[in-house]
Amino acid sequence: MKISYNWLKMFIDFNLPPKELGNILTLAGSEVEAIEEKGFDTAGITTGKVITVDPHPDADKLTVCTVDVGDETLTAVCGAPNVEVGQSVIFAKIGAKIADGNKLKKAKIRGVESFGMVLAEDEIGISDDHSGIIVLDESIKPGTAVNNVIELDDYIYEFEITPNRPDCLSHIGMAREVKALLGGEINYPNFEVNETGPNVSKDLAIQIDDPEGCPRYTGRLVSGIKVGPSPLWLKARLHYLGIRPINNIVDISNYVLLETGHPLHAFDYDYFKANRVTIRKAKAGEIFTTLDETKRELNDGQCLITDGKKGVALGGIMGGLDSEVTDTTVNILLESAYFDPVTIRRGAKAVGLATESSRRFERGADPEMAPRANDRACRLINELAGGQIHKGIVDAYPRKFSPVKIDFRPERANKVLGSNIDISKMSQIFDGLDINYHDGSPITVNQPSFRPDLTREADLIEEIARIYGIDNIPDVYRPGGTLETNIDQKTMIRNRLRNFLVGRGFYEIFTLTLVDSRQLKKINEDTELVRLMNPLSEEMSVLRPDLSIAMIRTLKHNINHGSKDIKLYEIGTTYKPSSGDLADEKESICLGLCGREAPVSWRQAEVFSDFYSLKAELEAIFEFFKITDLKFVPESNPYLDDKCCFAVQAGGNVQGSIGKASTKAGKTIGLKQESYIAEFNFDIFAEQALKANYFKPLPKFPASDRDIALLVDQNIPVGELISVIGDAGGKIVREVFPFDLYKGKNIAEDKKSIAFRIMYRSDNKTLTDDEVDKAHNRIIRAITDKFKAELRS
């Protein structure tokens, strides 16, 4: 939001320099991000009168002009098509700096010396127009300083206004802030209109069929206007504040927007098929062409302004192309309305538009400013474009503003703030902010129509604090405890897990909880979803049932942007439908990796991540938290490849799934690189981590190792073999480690050779060879009996 220092001073008198005023406003909550100086370097730019205009001897489109600049007459080569003898113009002498930052030098253009430049609007920085030179009133004397003709020197504030303060999106609103902080009174602009036309009720009727989307709509008619360029002062003011001047009618509506904060729109009334305005909900699929010449498909949640038959504007967002004001417009309808913030926010997002109008309405405009803004704009139109203002205003107001009444207790405010602010000072702050109140115990405060954010006593206390000044509230010590809270054990597990994963090279991601239901259904049509009642779009229509879909989308996004070696994790909540009113929420953790395991180096060959890379990460996590009995059992999961998909089990519970991202999921989301995903239930994981015994004494007795090589069927999981070895060997089997796997020559295609190293140890004594051999033989018999395995030598 941009605010002009000079324009602000027109509304309230203050003596602070721009930087100091910016600091005060920032401390009060309206943060000044930058202050830009405009039009101060105008030395050498003056007014002049064109004495002669002759054709250039060597260029058809150039002329050679002599210009009286007061103290001398100078020759300048000019390319403007509108230069004529006798015109009062703005002239830049040699050494003057124009708006683009260049200093003029004496130049020879096609053989003719030029001692300056007759300036266009873009060259003094009041618009982007370079179609012709600026022509001033003939009464202006040559040699007059340009700042005496147009107020060019100004300071422009760039504010970062919080979404809850729509009242600060205008010069009047910011003047109210200055009034509350520094005192004084606001000099409001003239809202009175000179109504000389016929009665408006004869030529205009307004019907609101969507009072929820449009609680108030006012309309005025002005006939016989003359559309043309705006005066220089108006162009400069708009251009400085980032709005492109178009014509006097459109520029006035934008000027009043910046002045009052209330959006307006002017229609060419001759385009209307009937003398009426009907405000209704748009029809789903209805096509409407906006001012930017774009055809937009509407939905039934948007508000459409019509002439009773066809649409003329997308309410609160943008006008229609066919009814725009042009150079031939003679009669206009001026709209000043109040639209529902939620309707505008959803409607603007649905069509992909963000305009100055929608930004204000979606934050909450002032419904009581609508007729006053209309009056103000009509007055300016009458002054700058002529015409007759019809008598009266049509004001349709089916849902009137009802202010919230707030009980305010000064003693409560002091207690909350830790201050001792006098009641008279609090009353002074309310007066400065134009907040109406009635004395009593408690004080009854009426919510101003321009402050939708003031609904509770706490909001008023905040107003007292920011205007009084946080720095003015003394530091006090309050005995009676600490604000610190103990971290629960589950949070400690979560934090330890985060640190562990970061230490292993993972990056944490935070994705939206809203996902695309269409993608989920393509991957798994049986998935149960929690759907929003009023989604903004289909892309954000359901709550995520898992973290895997967001992980795959994030992997795809990074891969598409050139980051192909990735290790990511996310800890977040997932949602499933339940029998009650609320969704069933569970916390999950998801890991994703793809690409190289390590950066390319001359010291080692490229090694790419695979299933075993992710499996090793999972095993490291469970080992770190001392969760034992980790198993990987084949299963089916819609996100994972059927040939590489396993359930993760530990402590007798199914924790989650691990595997390679399936072709179907990758194709649906657009993932083209081989990637691996693991997702498991964090709640179950944390519960087991808390039960884990983190201390184990060092072994007192030595271990004895035995190796065993087996030939088994290809489809027998290694986990089952390890489980049988442990059961058959008994308590003295402390570790089983597969150290070799062979498939190929001299081995049948449906067989595999796998070798294990088994570690035997007792807690009570040193094991003898006989004791180890007995256990080892039991293991061999169990494996050969159950799996028909062959012992290899």
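**Helix packing and its surroundings**

Mentor: Helix 12 passes helix 15 in a right-handed crossing. The model is a predicted one, and the description that follows should be read accordingly. Helix 12 covers residues 489-503 and helix 15 covers residues 611-624; the two pack at an angle of about 140 degrees, and their axes are 11 Å apart. Angles over 145 degrees would count as roughly antiparallel and those of 65 to 115 as roughly perpendicular, so helix 12 and helix 15 are classed as oblique to each other. On the side of helix 12, the contact involves Arg496, Leu497, Phe500 and Leu501, which meet Ala620, Ile621 and Phe624 of helix 15. Sorted by class, this contact of helix 12 with helix 15 comprises 6 nonpolar residues, no polar residues and 1 charged residue.

Helix 18 (residues 718-729) packs with helix 19 (residues 769-787) at an angle of about 135 degrees, the axes lying 8 Å apart. Helix 18 and helix 19 are therefore oblique to each other as well, and their crossing is right-handed. From helix 18, the contact draws on Glu720, Leu721, Val724, Ile725, Ala728 and Gly729. Helix 19 contributes Ala775, Arg778, Ile779, Ala782, Ile783, Lys786 and Phe787. By class, the contact between helix 18 and helix 19 contains 9 nonpolar, 1 polar and 3 charged residues.

Arginine 376 belongs to helix 8, which spans residues 370-385. Its relative accessible area is 9%; because buried means under 20%, arginine 376 is classed as buried. Leaving aside residues up to four places away in sequence, arginine 376 touches Pro189, Asn190, Phe191, Tyr255, Val256 and Glu259.

Within strand 31, leucine 543 is the bridge partner of leucine 514. In general, strands of a sheet pair through backbone hydrogen bonds, either parallel or antiparallel.

Key: Residues numbered from 1 in each chain as written. Predicted model: local features only at pLDDT ≥ 70, side-chain atom pairs only at ≥ 80, totals over all residues. Heavy atoms only, no water. Pairing = 2+ DSSP bridges. Helix = DSSP H or I, 4+ residues; strand = E, 2+ residues; numbered from the N terminus. Axes fitted to C-alpha atoms, helices over the stretch in contact; angles between N-to-C directions. Parallel < 35°, antiparallel > 145°, perpendicular 65-115°, else oblique. Left-handed = near helix turned anticlockwise from the far one by under 90°. Contact = heavy atoms within 4.5 Å. Nonpolar A, V, L, I, M, F, W, Y, C, P; charged D, E, K, R; others polar. Buried < 20%, exposed > 50% of the residue type's maximum accessible area, 1.4 Å probe, protein only.
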